[in-house]
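Subject: Structure for you to look through

Hello,

I am passing on the structure we talked about, and below it I have written down what was found. Please read the notes with the structure open beside them.

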Amino acid sequence: MSPYLLFIVNSVLLGVGLAMDAFSVSLANGLNEPKMKLAKMCGIAGVFAAFQAIMPMTGWICVHTIVQVFSSFQKMIPWIALLLLGYIGGKMLVEGIKGGEEGSGEKAALGIGALLIQGVATSIDALSVGFTIASYDWLSALICALIIALVTFIICMGGMAIGKRFGTHLAGKASILGGLILIAIGFEIFVSGVIL
C-alpha cells in the first residue's frame with residue numbers, strides 16, 4: 001500500500017472512531033425532531049464536522065507550542081463532556097416528560113446554543129488526536145482534519161436520518177429517548193476517560 005493511500009485510510013478510520021459520539025448525538029437530534037428539514041440536517045452535521053476538524057488541529061498546535069498546558073487540560077476533558085452532554089440531555093429529558101413535543105414541534109427543535117454545546121462535547125476528546133498526528137507537517141495535519149470532518153459529516157447525516165425515521169414512530173417519547181442517549185454518551189466519555 002502506498003504511503004498516501006495509507007495516510008487516507010488511517011485518516012478515514014480516525015474519523016470513523018471520532019465520529020461515533022457525534023453519530024449518537026445526531027441520532028438523538030433526529031429522534032427529537034423527526035420533521036427536521038434537509039438544510040437543517042446539513043447545518044447540524046456541518047457543525048459537528050467543523051468541531052471534529054478544529055479540535056485535532058488545535059491539539060496539533062498545542063503539541064507544537066504549549067504541550068504542558070494541554071496535558072493538564074486533557075484530564076478535564078471527560079468532566080467537561082459529562083457536564084455538557086448531561087445538561088443538554090437532561091433538558092431534553094425534562095421537555096419530553098413535560099410533554100413539550102406534543103404542544104409544539106418547533107418548541108422542541110434544536111437551538112444554536114444547544115448545537116454548539118453538543119459540538120464541543122462530542123469533539124473535545126478529539127483534542128488528544130493532536131498528539132497522534134503530531135509527527136505530520138502542517139499541511140498533512142490539515143488534510144487529516146478535513147478527512148475527519150468529511151467522515152463525521154456523512155456519519156452524522158446517517159445518524160439524523162435514522163433518528164428521524166424512528167422519531168416519527170416514537171412520537172412523544174422521542175425527546176425522552178434522545179435525552180437518555182445524550183446522558184449515556186456523557187457517562188461513556190467520562191468513564192472511558194477517567195477509568196481507561
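How much space lies in the second largest pocket? In this model, which is a predicted one, that pocket holds about 150 Å³ of space. Its lining is made by 10 residues, and those closest to the centre of the pocket are Ile77, Asp125, Ile189, Ser192 and Gly193. Two helices, H4 (77-98) and H9 (174-194), each supply at least two residues of this lining, and H9 gives the most, with 4 residues. Sorted by class, the lining of the second largest pocket has 3 nonpolar, 4 polar and 3 charged residues.

The next point concerns charged side chains. Side chains of opposite charge can pair when their charged atoms come close. A search of the whole structure finds 1 salt bridge, and lysine 40 forms it with glutamate 33, with 3.1 Å between the closest N and O atoms. Glutamate 33 counts as buried because its relative accessibility is 11%, which is under the 20% cut-off, whereas lysine 40, at 27% relative accessibility, counts as partly exposed.

Met1, Leu5, Leu6, Val9 and Leu13 together make a nonpolar surface patch of about 490 Å². One of these residues, leucine 5, has its place in helix H1, which covers residues 3-32, and leucine 5 counts as partly exposed because its relative accessibility is 42%, a value between the 20% and 50% cut-offs.

Best wishes

Definitions and conventions
Residues numbered from 1 in each chain as written. Predicted model: local features only at pLDDT ≥ 70, side-chain atom pairs only at ≥ 80, totals over all residues. Heavy atoms only, no water. Patch = residues over 30% accessible without salt bridge, like charges linked within 9 Å, V, L, I, M, F, W, Y side chains within 5 Å. Areas by Shrake-Rupley, 256 points an atom, 1.4 Å probe, with all protein chains shown as cover. Salt bridge = Lys/Arg side-chain N within 4 Å of Asp/Glu carboxyl O. Buried < 20%, exposed > 50% of the residue type's maximum accessible area, 1.4 Å probe, protein only. 1 Å grid on protein atoms, 1.4 Å probe; cavity = no way out; pocket = protein on both sides within 12 Å on 5 of 7 lines; lining within 4 Å. Points joined across faces, edges and corners; volume = space filled by probe spheres on them. Nonpolar A, V, L, I, M, F, W, Y, C, P; charged D, E, K, R; others polar.
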